[in-house]
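Here is a short report on one protein model. Keep the sequence and the 3D view open as you read.

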Amino acid sequence: MSDWKTYQASADELKDRVILVTGAGQGLGEAAALAYARHGATVILLGRNEKKLARVYDAIEAVGGAKPAAIPMDLAKVNEAELGQMGVLIQREFGRLDGILHAANGFAHLSPLTNQKLDEWVEQYRVNVAAPFAMTRALLPLLEKAPDASVLVLGESHALVPKAFWGGYSAAKSAQKTWVEIAASEWDRWPHLRINLLVPGPIQSPFRTKTHPAESKDSLPATDSIAPALIYWMGAASHGHSGETVVFNEQVPG
């Protein structure tokens, strides 16, 4: 296995693969969708904002990527029946699924624990870990049939280094690591199927701008600098590695 930090993907690294990207309308999800398309994948874009999905859809076609698909869906509200229907749709339209990138990110706001509400915690747990788990379970029959399948979950630095005011969000993102490790252990019987957690660390993104509005963007890696890592952990290069937590930018979070 090559070092994922120095990995350079070939132009057709993801050729013939069908990859679902959640949170695809902006930020790291958008960057991932474009990178996957540029390297040969057919990308299924999932997000709650149809206009943003349409913009990414057009961008993929503009760079000559395979015709994508778009699924408007709010992970804070989705139910198991809808996730099951999505599996049927993917099977009917594409006949396969080779990977899922869970890039959707549920965040309320920074505040002391004394100011945080039950509903905020519940929604953050739902978007960051419960819905991704349920989606992966619903799509597992498709992933099992793929010759080489990867589920990649985008984590967050404050799950690994908890700090004041990050409260329910940090707790919810911490749960991702537990889910990934349990799933990897249970999936041992499928050597072609893996799941890993990639923590971007401080990096340019709409989320980082929201949580650190006074920070200079020039001090952070560009959003698309993470693309090689996203391709590595989604593609065949990461075969045989499951249950791992890797950090892209190891700068200590603020």
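## Helix H3

This is a predicted model. Helix H3 covers residues 80-94. At 1.5 Å a residue, its 15 residues should span 21 Å, and the end C-alpha atoms are 21 Å apart, which agrees.

Leu-83, Met-86, Gly-87 and Ile-90 are buried in H3. Seen down the helix axis, the buried residues fall within an arc of 100°, so they line one face. An α-helix has 3.6 residues a turn, so residues three or four places apart point the same way. The buried residues of H3 pack against E1, E2, E3 and H4. Gln-85, Val-88 and Arg-92 are exposed on the other side of H3.

Both ends of H3 have features to look at. At its start, a side-chain oxygen of Asn-79 reaches to within 3.1 Å of the backbone nitrogen of Ala-81. After H3 comes Gly-95, with a positive phi near 75°.

## Helix H4

Helix H4 runs over residues 118-145. Its 28 residues should span 40 Å at 1.5 Å a residue; the end C-alpha atoms are 39 Å apart, which agrees. H4 has a kink of about 55° at Leu-139, shortly before the proline Pro-141.

## Nonpolar cores

The largest nonpolar core holds 38 residues, and Met-86 and Leu-97 have the most contacts inside it. Elements giving two or more residues to this core include strands E1 (18-22), E2 (42-47) and E3 (69-72), along with H3 and H4. H4 supplies the largest share, nine residues. In soluble globular proteins, nonpolar side chains tend to be buried together.

Leaving aside neighbours within four places in sequence, Leu-97 is in contact with Val-18, Leu-20, Ile-44, Ile-90, Leu-139, Leu-142, Leu-143 and Ala-146. A second, separate core has 35 residues, among them Ile-19, Val-21, Tyr-57 and Leu-101.

## Asp-98

Where does Asp-98 lie? It sits in the loop between H3 and strand E4 (99-102). Is Asp-98 buried or exposed? Its relative accessible area is 1%, and buried means under 20%, so Asp-98 is buried.

The side chains of Asp-98 and Arg-96 are joined by a polar contact of 2.7 Å. Beyond its neighbours within four places in sequence, Asp-98 is in contact with residues including Asp-16, Arg-17 and Val-18. Leu-143, Ala-146, Pro-147, Asp-148, Ala-149 and Ser-150 are also among its contacts.

Note on methods: Residues numbered from 1 in each chain as written. Predicted model: local features only at pLDDT ≥ 70, side-chain atom pairs only at ≥ 80, totals over all residues. Heavy atoms only, no water. Helix = DSSP H or I, 4+ residues; strand = E, 2+ residues; numbered from the N terminus. Buried < 20%, exposed > 50% of the residue type's maximum accessible area, 1.4 Å probe, protein only. Polar contact = N/O pair within 3.5 Å; in protein donor to acceptor, adjacent residues only side chain to side chain. Contact = heavy atoms within 4.5 Å. Expected span 1.5 Å × (residues − 1). Bend = angle between axes of the 7 residues up to and from the residue. Core = buried A, V, L, I, M, F, W, Y, C linked by side-chain atoms within 4.5 Å. Arc of directions from axis to C-beta.
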